[in-house]
2 protein chains.
Amino acid sequence: MGPGLLACDWGTTNLRAWTLDGAGQVVAHKEFDLGVSKLQPGQAAKRFRDEVRPALGAERTPAMLCGMVGSTLGWTVAPYADCPAGLPELAARLTEVEPGVRIVPGLRCEGIAGAPDVMRGEETQLMGWVAQRPERARGRQVVCHPGTHAKWVLIEDGRIVRFVTAMTGELYAVLSRHSVLKGEGPADDMDAFDEGLAAAGGGEALAARLFTARARVVGGDKPAQSTPSYLSGLLIGAEVAATPRLLGVAGGEPVALLGDAALCGFYKRALDRLGVANQIFDGEAAALAGLFALNRMGADA
Amino acid sequence: MGPGLLACDWGTTNLRAWTLDGAGQVVAHKEFDLGVSKLQPGQAAKRFRDEVRPALGAERTPAMLCGMVGSTLGWTVAPYADCPAGLPELAARLTEVEPGVRIVPGLRCEGIAGAPDVMRGEETQLMGWVAQRPERARGRQVVCHPGTHAKWVLIEDGRIVRFVTAMTGELYAVLSRHSVLKGEGPADDMDAFDEGLAAAGGGEALAARLFTARARVVGGDKPAQSTPSYLSGLLIGAEVAATPRLLGVAGGEPVALLGDAALCGFYKRALDRLGVANQIFDGEAAALAGLFALNRMGADA
């Protein structure tokens, strides 16, 4: 029996591919340096056929793809689905790019001040996380997916009803490379991280709070090498303190952290400090569960 | 009778010099492309003597300098004075770098979360603004000095008691050059600026609000050329909404805007929208008044 599904999380910087058997168990796994930001226009189909499929022995296996592969930079534009949306709504809006190859739609919702908000890839992890345990499909869940563009998501009865994107990771990257807050060292000084968390306050007046990262070195006696850790604590602390309210979520509601374990660990530290119950879940396993569930549903549709 | 004072606002990017007569009236004015960021170490004294003095016919005139010339990048480090400080405290802490050439100290205060905050150059404009009208030396004044590192300042009975720096201008610069919010056009689309002001809310959760600048283009129908104006409105709106409270100033207290007229105009628009009374004052005239007053006081000291 060959693999039942070729599941791909195809993002901006790389492509993660798995083959799954009919029960959803992983048969094989490979990563490819084929993020959509590295592709020439029109190249996705060919490289998928010539490189990804043979490497996994999945020349004819049905494939389910999620992430930026569905954007203008990717294979083709898979139009956004609108919130509220759960697995059935995503499965009903799959884009078939060639026989047996389907792309999961991104999600759109009404965000802050009437501006739309969008995600592409996280919806599959989020719905996979819901699919992993029946109790997650009932009632209300608040999920934070940290990253370059972190997502705060409100899930009700298994459907994403609203989300907000916080560009904390990108702020960290541009400030630590291009501003007076630039720093060389790694962000692993947990004392400085905690000092940053404390300076984040309620998450308001960020442009003012950010300057403390400079002033504590210039006007104080703190070493410049601690700036990256301090900046990371300040930005994550400000995000965690203020973003849930934009979803209509009270400060104390428990938060599920979904994604990369190391990054989730920093968010956990920030939430713990505020006394907010939280738990970390593996984003990769959730993505797989989502792709598997969508393939099943899509087959039935 | 030769000029009574050679007054210089010597900042990071350029040097503005004036000669004043004994009554404080301007005799001559010149600008020099001699900002401290462009100087070789140890070069300040020579270039001041060889270029600035002769150009203004002020070879032997006493000189008063303020700004980054008093930092590690400048002529010599003029140690910070601590808040509360007014003209007398600044005049008592002038640094004489050679006979007849004195540098105004920067100011330091306890800022957010116990971190120090610092300014260098703005203190002279602020105290000059106070010196321009006797009534400003009594009671309480809230002053905002917009810029790369904007200052919000609480003045009581003619002394700066507390201030907060908001790095709004630098955030704008790095985000519009290096992030997904980068944009080409000028920030002169006032409809987009106002849209940004509206999206600033109470100034909390800035990393989330910033993403609306991306989402309104990607997920909405707004033109990418309007991003710089939107971003400017969003950042200034967030600063204006949340920073005064960090000084212990209520949202509705009147604000004096001191500095560059065009930049102050954007802040005026943001404050008007919140219904906060405000008035714009010329920063250059205030700097001159401050340097003149400090020279008088320093001569008496």
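The dialogue below sets computed values against the definitions behind the terms.

Tutor: This is a predicted model, in which local features need pLDDT of at least 70, side-chain atom pairs count only at pLDDT 80 or more, and totals for chains, interfaces and linings use all residues. Residues are numbered from 1 along each chain as its sequence is written, while chains are lettered from A and ligands numbered from 1 in the order in which they are written.

Student: What makes S1(A) and S2(A) paired strands?

Tutor: Strands are DSSP runs of E with at least two residues, and helices are runs of H or I with at least four, numbered from the N terminus. Two strands pair if DSSP finds at least two bridges between them. Six bridges join strand S1 (residues 5-10) of chain A to S2(A), and the two run antiparallel; therefore they meet the criterion of at least two bridges. Leu6(A) stands opposite Thr19(A) in S2(A), and a hairpin of four residues joins S1(A) to S2(A).

Student: Which residue has a positive phi in the turn between S2(A) and S3(A)?

Tutor: Gly24(A) has a positive phi of about 90° in that turn, where five residues lie between the strands of the hairpin. Six bridges join S2(A) to strand S3 (residues 26-32) of chain A, again in antiparallel fashion, with Arg16(A) opposite Glu31(A).

Student: Why is strand S2 (residues 15-20) of chain A called mostly covered?

Tutor: A residue is buried if 20 or more other C-beta atoms lie within 10 Å of its own, exposed if 12 or fewer, and partly exposed in between, with C-beta atoms placed from the backbone. Five of the six residues of S2(A) are buried, so the strand is described as mostly covered.

Student: What makes S5(B) and S9(B) edge strands?

Tutor: Each pairs on one side only, in an open sheet of three strands with the order S5-S8-S9 (chain B) and mixed pairing. Asp82(B) stands opposite Arg108(B) in S8(B).

Student: How many residues does each chain bring to the contact?

Tutor: Residues are in contact if their C-beta atoms, placed from the backbone, lie within 7 Å. The contact takes 46 residues from chain A and 46 residues from chain B. On the side of chain A that touches chain B, the largest share, 10 residues, comes from H6(A). Ala207(B) touches residues of chain A including Leu171(A) and Leu235(A).

Definitions and conventions
Contact = placed C-beta atoms within 7 Å. Lists of a residue's contacts leave out its neighbours within four places in sequence.
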